[in-house]
Amino acid sequence: MQSVQSGKPKSSNRAKIQAFGGFLTNMVLPNIGAFIAWGILTALFIPTVWIPNENLETIVGPAITFLLPLLLAHTGGKMVGGQRGAVMGTIGAIGLIVGSEIPMFLGAMVIGPFGGWLIKKFDKLIEDKIPAGFEMVVNNFSIGILGFLLMLFSFLVIGPIIVVANNFVTVAIEALVATGFLPLLSLINEPAKVLFLNNVIDQGIYYPLGLQETLQVGQSIYFTVASNPGPGLGLLLAFTFFGKRTARRTAPGAIIIHFLGGIHELYFPFVLMKPITILGMIAGGMSGIMTFQLFGVGLVAGPSPGSIFAYLALTPRGNFLGIIAGVTVATIVSFLVTSVILKADRTTEDVFEESFEKSKSMKSEGKAAFASAGTAVSENPSETPALSAKQVNKISFACDAGLGSSALGATTFKKRLQKANIDHIEVKNYRIEDVPKDADIIVVHKNLSERARRTHPDKEIVTIDNYIDDDNLKKLLTTLEEDE
């Protein structure tokens, strides 16, 4: 574990992008149910799908035009400015929607948080300056007036800018589709994913494009270009058969959670252990996209989580063969390429682990960077926490979105504490930025450690490589047991 004693570390660009991706994710995830509901509606009732119905089909357009962007703007505004921010963000979003002919998902993700920030700044400006008895008048009219101005600003300025940006991205990616070069996106997608930038790609780019295309043709390949569970499955199978001792032991459990549960973060550490295996992921991703293109298939909404069950649930009529083929081909190609790489590896377990640590340290903050920022960092990255068991009341597992991988880690560690008869410690999972102030220890993946230290510079932080079987978690548990 690494203890940060004082100061606030300087953030790298990667940590800032991760935080941005986490923010986008937390805007989208609470509303995923609505996106899936719209996807099911589309999959059932538009003319080209299961049970065409002209009457029910009329819900599809208004839902994607109004409901989904307004939900995003409401959530984004609330994240920044509370309930008043939610109202401001929603008011601003209606200006975008009415002033544009495309679904305003990107615009809603901009104007929602901006509306929340605007009202938050205004409230801080007038804090303690409102005469007694006039609080309700000021509060209501401030939102009314600022909301009115934001609505006009959205309609006249933000909306047209978003349309231009959207058209640029759409034209660029459609050019890849038209020339058959769409599989090249895997050269960007796969390395970005293992650096925990997957949410920036999916929620920020592919989901909005996919929803627009689905509205027109009833499905979209964009939902599959970064979310295919096949490459990760192939990689984990290769580690199961040909990996070194530690990797071989943990890979089978990761397969179940990744492929069936949809938590892709489980395979990221395996790639980081042996960075050259990213070639297998890229090859698997490319072959999967090529297969989807060959069959002309797509999904009706973004699969979240990206499990095989979500894939099948969001597959429209006539697409099952192509979708299953794309996942299968990606799995086989990733497995074959990764297997060749692992079988050619002649390092011992110790050298393999050393290589892993080097690859991880390249992606986390350097000790010198913290020193230059005036931050003291412990010499041993695997040291046990300075707190004793009696001082620890809350352990927080944190990840990018506060769901998948951190939930898995928290549940597993909680069971281990129960077996050790330690029942006074609360273990919960959170998004990194949402870890409560009274948390005694934060457990986070090494690749997100910089972001965690930037947000919580005064906390005890345990960095881990694997949410299922990690030496640092074992050391933490041993320390807690010994101090009982």
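Begin by selecting Asn421, which is exposed, with a relative accessible area of 64%. This is a predicted model. Asn421 sits in the loop that runs between helix 16 (404–419) and strand 3 (426–431). Check the backbone there: phi of Asn421 is positive, about 60 degrees, although the residue is not a glycine. Most residues other than glycine have a negative phi.

**Whole chain**

Zoom out and colour by secondary structure. The protein chain has 18 helices and five strands. Of its 484 residues, 53% count as buried. The accessible surface of the chain comes to about 20800 Å², and carbon and sulfur atoms hold 65% of that. Among contacts with a separation of 6 or more, 75% join residues 24 or more positions apart.

**The largest nonpolar core**

Next, select Ile395, Phe413, Val443 and Leu480. Of the 100 residues in the largest nonpolar core, these four touch the most other members. In soluble globular proteins, nonpolar side chains tend to be buried together.

Centre on Val443. Which residues does Val443 touch, not counting residues up to four places away in sequence? Show Ile395, Ser396, Phe397 and Ala398, then Val462, Ile464, Leu473 and Leu476. A second, separate core of ten residues can be displayed in another colour; Tyr430, Ala439, Val444 and Ile461 are included in it.

Move to Leu480, in helix 18 (residues 471–483). Is Leu480 buried or exposed? The relative accessible area of Leu480 is 0%, so the residue is buried. Draw a C-alpha to C-alpha distance from Leu480 to Leu417: the two are 8.8 Å apart in space and 63 residues apart in sequence.

**Helix 8 against helix 13**

Hide the rest and keep helix 8 (residues 230–242) and helix 13 (residues 320–344). Their axes come within 7 Å and cross at roughly 35 degrees. The crossing of helix 8 past helix 13 is right-handed. To see the contact on the helix 8 side, select Gly230, Pro231, Leu233, Gly234, Leu235, Leu237, Ala238, Phe239, Phe241 and Phe242. On the helix 13 side, select Val327, Ala330, Thr331, Ser334, Phe335, Thr338, Ser339, Leu342 and Lys343. Coloured by class, this contact of helix 8 with helix 13 shows twelve nonpolar, six polar and one charged residues.

**Thr214**

Select Thr214 next, in helix 7 (residues 186–217). Thr214 is buried, because its relative accessible area of 1% is under the 20% limit. What is Thr214 in contact with, leaving aside its neighbours within four places in sequence? Its contacts are Trp38, Thr42, Gln219, Ser220, Phe223, Leu299 and Val300.

**Ile130**

The last stop is Ile130, in the loop between helix 5 (105–125) and helix 6 (135–179). With a relative accessible area of 25%, Ile130 is partly exposed.

Note on methods. Residues are numbered from 1 along each chain as its sequence is written. This is a predicted model: local features need pLDDT of at least 70, side-chain atom pairs count only at pLDDT 80 or more; totals for chains, interfaces and linings use all residues. Side-chain values use heavy atoms; hydrogens and water are left out. Axes are lines fitted to C-alpha atoms, for helices over the stretch in contact, and angles run from 0 to 180 degrees between N-to-C directions. Helices (H or I, at least four residues) and strands (E, at least two) are DSSP runs, numbered from the N terminus. A crossing is left-handed if the near helix is turned anticlockwise from the far one by less than a right angle, and right-handed if clockwise. Contact means heavy atoms within 4.5 Å. Ala, Val, Leu, Ile, Met, Phe, Trp, Tyr, Cys and Pro count as nonpolar, Asp, Glu, Lys and Arg as charged, and the others, Gly among them, as polar. A nonpolar core is a set of buried Ala, Val, Leu, Ile, Met, Phe, Trp, Tyr and Cys residues joined through side-chain atoms within 4.5 Å. Buried means under 20% relative accessible area, exposed over 50%, partly exposed in between (1.4 Å probe, protein chains only). Accessible areas come from the Shrake-Rupley method with a 1.4 Å probe; for residues, only the protein chains shown count as cover.
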